[in-house]
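Subject: Structure handover

Hello,

Here is the structure we spoke about. Please open it next to this message and follow along.

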Amino acid sequence: HEHSLLEAAVTEAVRELQISREMALMSAFGAMATVSQGHINVRMPTGHQVPTSLMLLTIAESGERKTTTQNHFFNAISVRNDEAHAAYQTALVEQKIKHQLWSTHKRHLERVYSKLAGQEDEEELLTAQKNIEEHLRAEPPPPRSGKFLYEDTTPQALVQMLYENTPNGCLLTSEANSIFSGKALGELDKLNTLWDGGSVIVDRISREGFILQNARLTLSLMAQPSVIARFMGKRGEEARGTGFLARFFVVKPQPMAGQRDTKPL
């Protein structure tokens with residue numbers, strides 16, 4: 001009980017939504033980490049700087065109002081994420097128009113160069129070549145999306161999106177069955193590195209590789225006990241050995257389903 005805005009928000013959510021305090025607190029932590037991780041770091045007593053990113057897991061049965069709790073604390077954040085996605089869609093249309101005009105002009109310059117290539121005027125040929133070089137350097141780049149909330153994705157796709165778009169993201173879901181059962185946790189080392197604030201090196205044969213630097217990733221996950229039990233049975237030893245589980249704050253609050261008071265409308 002620290003008499004802070006955090007405590008007041010959690011207390012209000014517990015009263016209004018009739019949810020467990022632990023689940024409300026975890027959602028509040030996830031929202032705080034998501035909005036702060038791109039702006040501040042924490043300097044440890046040893047002098048080492050670490051991100052404010054968090055990995056949070058709430059284990060609760062169906063009927064504990066996991067989705068309601070998440071929506072309560074992430075409502076304004078989701079609105080900002082939707083606005084960023086809409087702005088990206090608009091920018092994408094504009095970029096396609098500019099790129100189409102750029103491609104049309106590129107073909108014109110190439111035709112001019114082809115005609116001059118068969119002539120003996122080296123000066124005009126050199127000028128045409130420089131025009132093409134300058135035009136190629138001015139190719140309209142694809143827009144960067146400001147989207148930062150992700151729900152069902154793979155580590156490879158997540159790293160790619162953090163590299164191509166905003167480098168601050170949150171893997172957010174109130175029903176993490178697809179996360180723990182699918183490919184989203186297929187490469188735990190990448191998630192560990194992102195939590196630590198380190199660089200992720202991606203080398204590929206078919207596509208150009210890249211290095212993701214100074215990225216921030218928060219995991220705010222909720223799941224049913226059966227989902228976590230199945231994950232631990234299949235990959236628990238690996239998750240412990242890589243330090244993946246050690247990075248999580250985990251709560252399993254007492255069930256409240258069937259114990260709530262009926263409130264008048």
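Start with K66, which is buried at a relative accessible area of 3%. Buried means under 20% relative accessible area, exposed means over 50%, and partly exposed lies in between, using a 1.4 Å probe and protein chains only.

Some ground rules. This is a predicted model, in which local features need pLDDT of at least 70, side-chain atom pairs count only at pLDDT 80 or more, and totals for chains, interfaces and linings use all residues. Residues are numbered from 1 along each chain as its sequence is written, and side-chain values use heavy atoms, with hydrogens and water left out.

Salt bridges

What does K66 pair with? K66 forms a salt bridge with E175, and their closest N and O atoms are 3.6 Å apart. K66 sits in helix α3 and E175 in the loop between β5 and α6, so this pair ties together parts that are 109 residues apart in sequence. Helices (H or I, at least four residues) and strands (E, at least two) are DSSP runs, numbered from the N terminus. E175 is partly exposed, with a relative accessible area of 37%.

The structure holds six salt bridges. The term means a side-chain nitrogen of Lys or Arg within 4 Å of a carboxyl oxygen of Asp or Glu. Side chains of opposite charge can pair when their charged atoms come close.

Another of them joins R247 and D196, at 2.9 Å from N to O. This pair links distant parts of the chain, with R247 in the loop between α8 and β9 (248–251) and D196 in helix α7, 51 residues apart. D196 is partly exposed, at 35% relative accessible area.

E238 and R235 also form a salt bridge, with the closest N and O atoms 2.9 Å apart. Both lie in helix α8, three residues apart, about one turn of the helix. E238 is partly exposed, with a relative accessible area of 37%.

Aromatic pairs

How many aromatic pairs does a search of the whole structure find? The count is three. Rings of Phe, Tyr and Trp (its six-membered ring) pair if their centres lie within 6.5 Å; planes under 30 degrees apart count as stacked, over 60 as edge-to-face and the rest as tilted.

Y163 is partly exposed at 38% relative accessibility. F210 is buried at 7%.

F180 and F231 make another pair: the centres are 5.1 Å apart and the planes at 70°, so this one is edge-to-face. F180 is in helix α6 (residues 177–181) and F231 in helix α8 (residues 225–241), 51 residues apart. F180 is buried at 9% relative accessibility, and F231 is buried at 4%.

Nonpolar cores

F180 comes up again here. The largest nonpolar core has 29 residues, and L57, F180, L194, L212, L221 and F244 touch the most other members. A nonpolar core is a set of buried Ala, Val, Leu, Ile, Met, Phe, Trp, Tyr and Cys residues joined through side-chain atoms within 4.5 Å. Elements that each supply at least two residues of this core include β3 (55–59), α7 (188–196) and β6 (200–202). Apart from it lies another core, of 17 residues, among them V10, A13, C170 and M222.

Largest pocket

The largest pocket holds about 300 Å³ of space. On a 1 Å grid over the protein atoms alone, a pocket is an open set of points where a 1.4 Å probe fits, with protein on both sides within 12 Å along at least five of seven lines; lining residues have an atom within 4 Å of a point. Grid points are joined across faces, edges and corners, and the volume is the space filled by probe spheres set on the points.

The lining includes H39, R80, F148 and N168. α2 (21–36), α3 (66–117) and β5 (168–173) each supply at least two of its residues.

Backbone

Q18 is not a glycine, yet has a positive phi of about 55°. Q18 lies in the loop between α1 (5–17) and α2 and is buried at 13% relative accessibility. N214, also not a glycine, has a positive phi of about 55°. N214 is in the loop between β7 (210–212) and β8 (216–223) and is exposed, at 58%.

Best wishes
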